[in-house]
Amino acid sequence: MPVVKSREEKINLRTGNLSLIHEPVGYRKNLSGRMDVSPSELKFRKPCTQDGAGIWDLVRETDVLDLNSAYCYLMLGKYFPDTCLVAEYEQKIIGFVSAFLLPQNPEIVFVWQVAVAGSMRKKGLGTMLLKELLKRKACEKVRFLETTVTLSNVASQSLFCRLARDTRSRLEVTVCFPANLFPKSNHETEFLFHIGPWQRELIK
Ligand SMILES: CC(C)(COP(=O)(O)OP(=O)(O)OC[C@H]1O[C@@H](n2cnc3c(N)ncnc32)[C@H](O)[C@@H]1OP(=O)(O)O)[C@@H](O)C(=O)NCCC(=O)NCCS
């Protein structure tokens with residue numbers, strides 16, 4: 001597969017037509033100016049088992065993400081709180097990210113699912129969730145982020161391109177899980193986004 005491209009380049013995948021163009025490095029929007037609620041009213045915290053049902057609801061409401069069992073989200077709260085995150089507003093979970101450090105390489109954090117409530121999207125919250133994760137003590141040695149995205153999920157592609165741009169990182173794209181590996185024939189190929197290395201001071 002093709003595909004190692006620098007951040008300003010267009011990414012072309014032979015298997016599809018993913019067209020992502022990074023904007024010039026240094027371009028940055030003022031997140032606080034884009035939020036309906038001030039960031040100070042948002043609470044970012046580690047999830048606990050009591051959050052499992054709320055996270056399950058949030059993921060279900062996305063209509064895009066694979067909805068895992070409620071058990072899975074309870075387990076993330078119990079065993080992976082250091083690398084998972086919820087965003088809370090008025091006691092409701094409006095954002096969630098699940099991730100883990102690769103057991104074979106703890107310099108890489110793998111981001112599994114990111115979800116932002118419909119009414120809160122395109123305001124910078126997804127980006128804030130990722131950066132809050134990377135600022136965590138558990139991620140202090142992390143220099144790379146990996147995740148998988150599908151061709152149809154433009155929001156997800158844009159989110160991770162934005163992170164690569166903000167952190168002035170390289171973004172490499174390869175095939176991770178081809179469609180034929182999935183039991184359901186209508187599952188799209190999952191492409192691996194490999195982002196980094198970054199300078200820690202750029203994670204603000
Ligand atoms: C993907 C998702 C988490 C993004 O959250 P968000 O809070 O809207 O993200 P941000 O506001 O931080 O935006 C990040 C970038 O993505 C872009 N973006 C967000 N949604 C977009 C969309 N629907 N189409 C195109 N670009 C989009 C933003 O414009 C921004 O890019 P920019 O800074 O260059 O303008 C959210 O859309 C979501 O929950 N989707 C459903 C679940 C999902 O697909 N998760 C990702 C796969 S795990």
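Biologist: In which loop does Glu90 lie?

Modeller: Helices (H or I, at least four residues) and strands (E, at least two) are DSSP runs, numbered from the N terminus. Glu90 lies in the loop between strand S3 (85–89) and strand S4 (92–102). Residues are numbered from 1 along each chain as its sequence is written. The model is predicted: local features need pLDDT of at least 70 and side-chain atom pairs count only at pLDDT 80 or more, while totals for chains, interfaces and linings use all residues.

Biologist: Is Glu90 buried or exposed?

Modeller: C-beta atoms are placed from the backbone, and a residue is buried if 20 or more others lie within 10 Å of its own, exposed if 12 or fewer, and partly exposed in between. Glu90 is exposed, because 9 other C-beta atoms lie within 10 Å.

Biologist: Which residues touch the most other members of the largest nonpolar core?

Modeller: In soluble globular proteins, nonpolar side chains tend to be buried together. A nonpolar core is a set of buried Ala, Val, Leu, Ile, Met, Phe, Trp, Tyr and Cys residues joined through C-beta atoms within 7 Å. Here the largest has 40 residues, and Ile55, Val97, Leu129, Leu133 and Phe160 touch the most other members. Helix H4 contributes the most to this core, with six residues.

Biologist: What is Phe160 in contact with, leaving aside neighbours within four places in sequence?

Modeller: Contact requires C-beta atoms, placed from the backbone, within 7 Å. On that basis Phe160 is in contact with Thr147, Val149, Phe193 and Ile195.

Notes. Contact = placed C-beta atoms within 7 Å.
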